[in-house]
Amino acid sequence: MVKAVQGAGVVVTGAGGGIGAALARRFAAAGARVVVNDLDAERAEAVAGETGGIAVPGDASAVVAAALDALDGTVDVYCANAGVGSGGSEAAGEDVWAQAWDVNVMAHVRAAHALLPGWLERGAGRFVSTVSAAGLLTMIGAAPYSVTKHGAYAFAEWLSLTYRHRGVKVHAICPQGVRTDMLAATGSAGDLVLRPTAIEPEDVADALFRGIEEDRFLILPHPEVAGYYQARAGEPDRWLNGMNHLQRQWEETR
Ligand SMILES: NC(=O)c1ccc[n+]([C@@H]2O[C@H](COP(=O)([O-])OP(=O)(O)OC[C@H]3O[C@@H](n4cnc5c(N)ncnc54)[C@H](O)[C@@H]3O)[C@@H](O)[C@H]2O)c1
């Protein structure tokens, strides 16, 4: 049981299903009071009902004020989990790029903007960002997703280095494939890269809780991602050749 979480006021965005629902369940089981946000009101209500949480449906970008009301004025932990899996290339529509930027990055920035004054005043607060291994590496066939997840990772990193001496804890969760609706929608690229090593949403929640206990920023539910990340940094062209090999394999399947 993680002491930091008992009795805490926790918000999880995109918690109507998938990883967010698993995070909400895990926080509730650890004794937290959980605000369950999702665009889909019915799914938010269902998970809130099951976990004894409070449903706050709506866009993740605008959840903080209602969550503060629901939690008597204090959000201790904010999980910026809602995300869109926007695939496509440089030719993806402006609307696809804009939505990816809005949900995968700006929703995090807006939440931090709303929460930081209270956290800095109290000298405590925890921001959990569900990024993706695509935020450290990249995902074939998904330029808007890869670019905006790099943005989400950069923002989490920036928050952590800026406020860690002032009591603010930040965790960046960077899984590869996780068996959710989003993975199901990744098609043949997901079949090639993600599905063979996919894990359950509950495994992601367990990894986060281990990271909270160990006070770690980077949460890797697939530990092998650490090696890929090192390879990318150490030998960029070799890594790019490897990724291009995957790209060509993918092209052959289409
Ligand atoms: N599934 C994977 O393989 C995988 C891997 C790495 C990272 N992730 C990340 O995990 C997070 C959760 O994804 P998931 O796989 O559980 O997906 P999912 O599709 O199962 O769940 C996402 C939930 O977010 C909700 N949502 C979407 N946009 C929203 C918005 N603007 N405001 C509020 N809710 C919104 C959806 O209604 C849905 O219930 C995402 O940020 C995703 O990028 C997923």
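Visitor: What makes the radius of gyration of this chain agree with a compact globule?
Guide: The radius is taken over C-alpha atoms, and the globule rule is 2.2 Å times the number of residues to the power 0.38. For 254 residues a compact globule would have a value near 18 Å, and the chain has 18 Å, so the two agree. This is a predicted model, in which local features need pLDDT of at least 70 and side-chain atom pairs count only at pLDDT 80 or more, while totals for chains, interfaces and linings use all residues. Residues are numbered from 1 along each chain as its sequence is written.

Visitor: Which residues of strand E2 count as buried, and where do they point?
Guide: A residue is buried if 20 or more other C-beta atoms, placed from the backbone, lie within 10 Å of its own, exposed if 12 or fewer, and partly exposed in between. Arg33 and Val35 point one way from E2 (residues 33-36), Val34 and Val36 point the other way, and all are buried. Helices (H or I, at least four residues) and strands (E, at least two) are DSSP runs, numbered from the N terminus.

Visitor: Why do the side chains alternate?
Guide: In a regular strand they alternate between the two faces of the sheet.

Visitor: How many bridges join E1 to E2?
Guide: Strands pair if DSSP finds at least two bridges between them. Four bridges join E1 (residues 9-12) to E2, and the strands run parallel. Val11 has Val35 as its bridge partner in E2.

Visitor: What do E1, H1 and E2 make?
Guide: They make a right-handed β-α-β unit. Right-handed means that, with the strands pointing away from the viewer, the path from the first strand over the helix to the second runs clockwise.
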